[in-house]
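This report describes selected features of one protein structure. Please keep the sequence and the model in view while reading.

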Amino acid sequence: MNVSSSTLSLTVDDVDASRAFLCGHLGYEVTVADDGFASLTRPDAAVDVVLLRRGTEVLPPEQRDQRAAGLILALTVTDLAAEEARLRAAGAPVTMPLREEPWGERLFQLTDPNGVVVQLVEWAAADEGADPADALGTAEGRQPVDADEGSAVVVITPSPDHVTVSPNATMTGLAAPSRGSTELSTWTVTMDAGASGPEHSISREQVWTVTAGVLEVTCDGRTEKVGAGRTLILPPGRVRRIHAPEHAEAHVAMLADGVASVPGTEGTRELPWGR
């Protein structure tokens, strides 16, 4: 199969309202339009959008009364903060303000007049201002570690350069491919009292050892309360959410190629502090 382009088809009550929203705020252009129909595109790599009026007879009978719901049109952009400021100044309906997830994803959401959610996304660099080679983990770009040249032992000292701060937690990277490890990634997590991370899953098994406070971990509908000195093993691919009823700290370990997924969104996210 050779895919030459991608199109998202949305069934909405008011085609003209969604067309004006996407063209006026997000730079889409109309390629074809008719009564109850519009085909939109952008000159870049963004997904094309087709708008169909609810009830139109071109749809199979079982689809005619459905409307776009429960989906997110996600667009990756550059300079996300500037985009949010631009859209707010233009009066666009920003329904979720800019936030950063623990895995390094920055995002905010808009909702169009028909209830279609559009999410603008930017990925946070693990080390702001770092040399590009550092992010790739090449031998020349690795962060310095405390080891004698030729030594079989690598000792890693936590550094402010390896800290990622999100609205929910602070992650400090320890072992990682860019910091001397070949197979594993480890890091510490600090969460303030009352903080809750978003629902997500990880492609690799994770081992969490709580070193201070208490964490409440919900996985597959079951919640475990894990206190200091106890270890929790989270299986891969299961949706989980982590809450700190009080200030808590933990040490996490997993295979270095683990990535995150968020229910309701496409694609996977790297964990910058584990790379």
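## Basis of the description

Helices (H or I, at least four residues) and strands (E, at least two) are DSSP runs, numbered from the N terminus. The model is predicted, so local features need pLDDT of at least 70 and side-chain atom pairs count only at pLDDT 80 or more, whereas totals for chains, interfaces and linings use all residues. Residues are numbered from 1 along each chain as its sequence is written, and side-chain values use heavy atoms, with hydrogens and water left out.

## Helix 2

In helix 2 (residues 80-89), the buried residues are Leu80, Glu84 and Leu87; buried means under 20% relative accessible area (1.4 Å probe, protein chains only). They lie on the same side of helix 2 because they cover an arc of only 70 degrees around the axis, taken from the directions from the helix axis to the C-beta atoms. Just after helix 2, Gly91 has a positive phi of about 80 degrees.

Ser201 stands opposite Ser261 in strand 19.

## Nonpolar cores

A nonpolar core is a set of buried Ala, Val, Leu, Ile, Met, Phe, Trp, Tyr and Cys residues joined through side-chain atoms within 4.5 Å. The largest has 26 residues, and Trp187, Val189, Met191, Trp208, Leu215 and Leu271 touch the most other members. Strand 18 gives the most to this core, with four residues. Apart from this core lies another of 24 residues, including Ala38 and Phe108.

Conventions
Buried < 20%, exposed > 50% of the residue type's maximum accessible area, 1.4 Å probe, protein only. Pairing = 2+ DSSP bridges.
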